[in-house]
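Student: Could you walk me through this one? Keep it quick, please.

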Amino acid sequence: MRLYRKEGNTIQILCFPNERVEKGDYLQVEDPKKEKALLIQVIDVQFANIPGIMEELLRDSTNNSDDINGRDLDPLDVASQITLIQDARLLLCKIRGTIQNGKLSVSSDWLPSRSKSITKKLPTQTLATLLKINEKMPIYVGETKEFSPLKVDVTALDGKLNIVTGKKGTGKSHFSKLLVLSLIDYGAPIVVLDLNGEYTHLGYTSNGKESEHYAKIHVLTPASNFKVMLSQIKLRVMINILIHALNLPGTSAQEFRRIWRFLREHTKLSLHELGEAIRNRQCNHHVKDALFSRYYTLINSGFFTDNPDDAITLEDCFEKIQTGGVLIINLRDTSFVDRQIVVEYLLGKLVEMLSCWKIKAVFLFAEEAHLYLRETYWNDIVTRMRHFGVFTTFVTNQPDTIRENIYRQADNIFLFNFTNEHDLETVSRAAKVDSETVKSIARDLPPQHCLLLGMAVKDFPIVVKVRALDVQTMGQTRLFFT
Amino acid sequence: MVNLLIEQYQYTTTPKYNFPHSIQDLQLPQQFIELSLRTLRNIKNGKLFQPYIPTQSENPTTPTLEETTLLFNRSTQPKLKPIPLKPIRDETPIIAVDVSSMKIGETEIGILCAIRAAIVWKQKQQYHYLRLGPFPFHITDENRNEVYHLFRQYSFLEQPTLDYTNTLSLIYAPTRLGSLLERWLQMDIAVQTRNSLILWDGSLTAGTQDFPVAVMSQLLETARSRFNTILAFTKNTRLRLLGHCLTDYIHKCTPPCLLEINGYPMALSNALRLLGNIYVAKLSEGNCSFRLDIDRKLPLEKAVEATGRLMGNDVLLQSYPETLRLAHIYSTFTANEVIGIQRFLARTHRLKIVTKPNVRKLLFGPFGKGPEN
């Protein structure tokens with residue numbers, strides 16, 4: 001491999017086909033005189049622009065036709081070198097840093113010698129060691145291209161905003177499960193908003209047996225084993241549900257507040273008493289109708305109960321996962337409105353518990369959050385709630401459903417394959433790495449391969465083949481023909 | 001070490017292919033390959049100076065025969081009558097041969113060049129090719145004698161009459177070696193085929209070191225004796241008749257036709273001999289016409305018939321036969337191939353490729369045009 005040219009922070013390297021280099025690989029361009037090496041990452045592999053290549057190909061194309069056949073007598077095998085030239089590659093690389101005295105820095109204010117420098121591959125494992133990304137609390141995420149295990153530090157997820165994105169079937173949910181199980185192993189409390197019921201069997205191995213994590217995985221299905229009593233709910237949370245999930249107008253909300261306060265003062269907060277209070281309330285009949293319609297929606301959701309035996313408290317649930325565990329909120333068979341009610345309740349309750357230090361922090365995994373998260377919550381989650389201790393990981397196959405400002409604030413992006421230009425464009429706006437890198441590498445990522453971006457890899461993008469998990473998969477699409 | 005590397009090369013003679021009839025026995029002269037290997041042994045671990053890569057037209061070649069010495073007598077008024085042609089479709093095999101030579105670089109003691117030949121033949125509506133080479137050579141003052149020896153050995157004469165030693169300069173060595181291989185292949189094809197049309201790139205003018213009269217005569221004789229006809233096409237002729245380029249005379253004629261130029265006295269140097277009748281051929285529609293040399297000992301009818309066969313059995317593009325066009329394409333070196341050969345030499349003989357400063361560019365900057373040498 002030879003250093004060819006540099007333009008901006010892009011380096012071009014010439015290499016021959018027998019030098020196996022792929023997108024995402026790291027190379028070091030060593031300058032023996034300066035005793036340091038420029039660390040670069042391959043973001044695209046092209047054919048080198050060889051003079052006369054057009055003539056070569058045109059001539060060879062006649063060989064393949066039916067009209068002409070023949071062969072070459074080349075006793076010295078000179079042609080093998082010619083073929084090598086024809087297949088010469090041009091590696092487009094981005095400068096990532098400098099290695100000097102065994103230490104890696106992000107500085108790139110120098111240029112190695114073009115004639116004297118030696119370019120060679122830097123194994124990902126070596127890079128990981130240089131970056132010290134796997135020292136404190138390692139998570140085994142998968143294998144590098146050299147088949148060595150890649151581990152990242154779990155603390156890179158602590159207090160951070162993460163995004164897992166990629167097109168359907170590339171392994172996003174699998175990776176999220178891997179993160180969830182790894183976090184459990186380190187004693188972290190986790191809440192998963194499981195839109196499709198993919199995580200409900202996380203406690204089982206692929207052959208249906210209980211896994212080592214079984215006891216730490218708790219599936220809560222709204223209206224089934226996840227019901228709450230009104231007395232557990234703060235007025236603020238209920239008002240949020242009514243306004244944001246059920247679109248209750250302001251005047252009616254004001255009337256509801258009065259009713260709620262009255263019931264609370266008289267310790268009569270129950271579904272039944274709420275219904276009675278609305279019925280007996282002397283107010284504008286439009287307001288009364290509005291309140292009644294929301295009341296029945298609350299009842300029909302099945303999420304609320306007056307029976308203390310049916311109800312659970314999130315405090316109790318969190319008690320179970322305090323030393324590591326996951327609450328999976330199974331939203332699979334829940335309607336759009338009910339989903340919003342549950343999520344409003346859950347997030348309100350989380351903030352409530354976090355603000356009074358009932359829990360220290362929680363990792364929230366939100367699958368396709370745009371389907372249940374209201375507009376204002378997006379910013380809330382990445383700013384206010386983050387400070388309370390809600391560390392969110394968004395999982396989506398529609399990257400444009402996440403706002404650009406969320407991407408910009410994301411600390412880690414775990415990127416799977418995208419082919420759609422629009423999707424790539426959206427993801428590439430993430431500030432953690434240049435858009436060329438994202439677009440070029442993500443486009444060609446095979447299934448189960450992830451481009452790690454952000455703090456987990458100290459802003460040195462690394463491609464990893466996500467390791468397999470021995471868990472029962474539930475996210476597969478139901479098929480008609482098989 | 002270098003020698004050992006060279007010894008490891010495995011080379012074989014040309015295997016049998018689907019050549020028409022007896023061409024199947026065509027074999028590359030082993031001495032040619034051995035010479036290539038032997039000359040490469042002289043390469044010591046050193047430098048390969050990257051040459052200024054000339055375009056094909058700038059590649060130094062020995063002066064062509066016709067342009068330097070051949071002039072038609074100006075005193076005679078030409079009376080040229082076009083000979084109309086009719087295509088004859090009879091599945092006559094058509095065989096074309098072409099050779100390319102290219103200077104690859106220089107060493108501290110000599111030059112490196114490469115030779116490649118291509119034989120293309122059309123038989124039963126199917127084109128076939130055999131490409132020979134590239135054969136790299138390292139020609140130095142030391143091994144020149146060995147090269148001369150090969151020239152002598154393959155001049156197809158028992159007692160060569162020409163002395164090469166004083167005339168073969170290193171500059172012309174690639175072209176001369178190319179001519180040697182071309183001549184040998186032409187002879188082999190002439191010997192091994194029957195009832196075929198053999199297409200050459202060039203003319204049938206003989207009398208120089210590379211084109212001895214005796215060799216050329218023997219070639220034509222051999223071809224004739226096996227009922228082969230040699231048609232030699234010159235792509236760019238500068239022959240003039242009464243001040244006009246030969247090919248100008250056919251522009252107004254309706255193709256396909258031939259113009260016979262013979263019969264007009266010509267001024268030739270003592271050594272040069274025209275072994276073919278010279279025609280101007282316009283074999284198809286288009287702007288191009290070519291000088292076509294056909295064996296002088298063939299009667300006009302036979303020459304016309306051979307041309308008709310060519311028209312009937314080969315594709316003609318701008319009056320130029322496809323078989324010969326393909327032979328040229330297959331033998332020509334592209335810039336990419338030159339780089340590949342340089343790399344081959346650098347790797348097998350541990351040469352370091354060094355770009356030689358272009359003196360013209362150094363002295364004259366943007367005004368330094370043309371080849372360095």
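**Working through the model**

Tutor: Strands S1 (residues 2–7) and S2 (residues 10–15) of chain A pair in the antiparallel sense, over 5 bridges. Pairing takes at least two DSSP bridges between two strands. Helices (H or I, at least four residues) and strands (E, at least two) are DSSP runs numbered from the N terminus. This is a predicted model: local features need pLDDT of at least 70, side-chain atom pairs count only at pLDDT 80 or more, and totals for chains, interfaces and linings use all residues. Residues are numbered from 1 along each chain as its sequence is written, while chains are lettered from A and ligands numbered from 1 in the order in which they are written.

Student: Which residue is the bridge partner of Arg2(A) in S2(A)?

Tutor: Leu14(A).

Student: And which residue takes a positive phi in the hairpin of S1(A) and S2(A)?

Tutor: Gly8(A), with phi near 60°. The hairpin has 2 residues between its strands.

Student: In what sense do S12 and S14 of chain A pair?

Tutor: Parallel, over 6 bridges, between residues 189–194 and residues 325–330. Val192(A) stands opposite Ile328(A) there.

Student: What domains does chain A have?

Tutor: The assignment gives domain 1 (2–131), domain 2 (138–226 + 312–466) and domain 3 (230–301). Those bounds come from an automatic or database domain assignment.

Student: How far apart are the C-alpha centres of domain 1 and domain 3 of chain A?

Tutor: They lie 68 Å apart.

Student: Now a single residue. Why does Ile239(A) count as partly exposed?

Tutor: Because Ile239(A) has 19 C-beta neighbours inside 10 Å. The cut-offs: buried is 20 or more other C-beta atoms within 10 Å of a residue's own, exposed is 12 or fewer, partly exposed is in between, with C-beta atoms placed from the backbone.

Student: Where does Ile239(A) lie, and what does it touch?

Tutor: Ile239(A) lies in helix H5 (residues 235–245) of chain A. Leaving aside residues up to four places away in sequence, Ile239(A) touches Ala253(A) and Arg257(A). Contact is C-beta atoms, placed from the backbone, within 7 Å. Trp260(A) is 21 residues from Ile239(A) in sequence and 9.8 Å away, C-alpha to C-alpha.

Student: At what angle do the axes of H6 and H7 of chain A cross?

Tutor: Roughly 130°, and the axes of H6 (residues 250–265) and H7 (residues 271–280) come within 10 Å. Axes are lines fitted to C-alpha atoms, for helices over the stretch in contact, and angles run from 0 to 180 degrees between N-to-C directions. That makes H6(A) oblique to H7(A). Under 35 degrees is roughly parallel, over 145 roughly antiparallel, 65 to 115 roughly perpendicular, and the rest oblique. Residues making the contact include Phe262(A) of H6(A) and Leu274(A) of H7(A).

Student: Last topic. How many residues of each chain does the contact between chain B and chain A take?

Tutor: 26 from chain B and 23 from chain A. S6(B) gives the largest share of the chain B side, 9 residues.

Student: What is the secondary structure of chain B, and what percentage of its residues count as buried?

Tutor: Chain B has 10 helices and 19 strands. Of its 373 residues, 47% count as buried.

Notes: Two residues are in contact if their C-beta atoms, placed from the backbone, lie within 7 Å.
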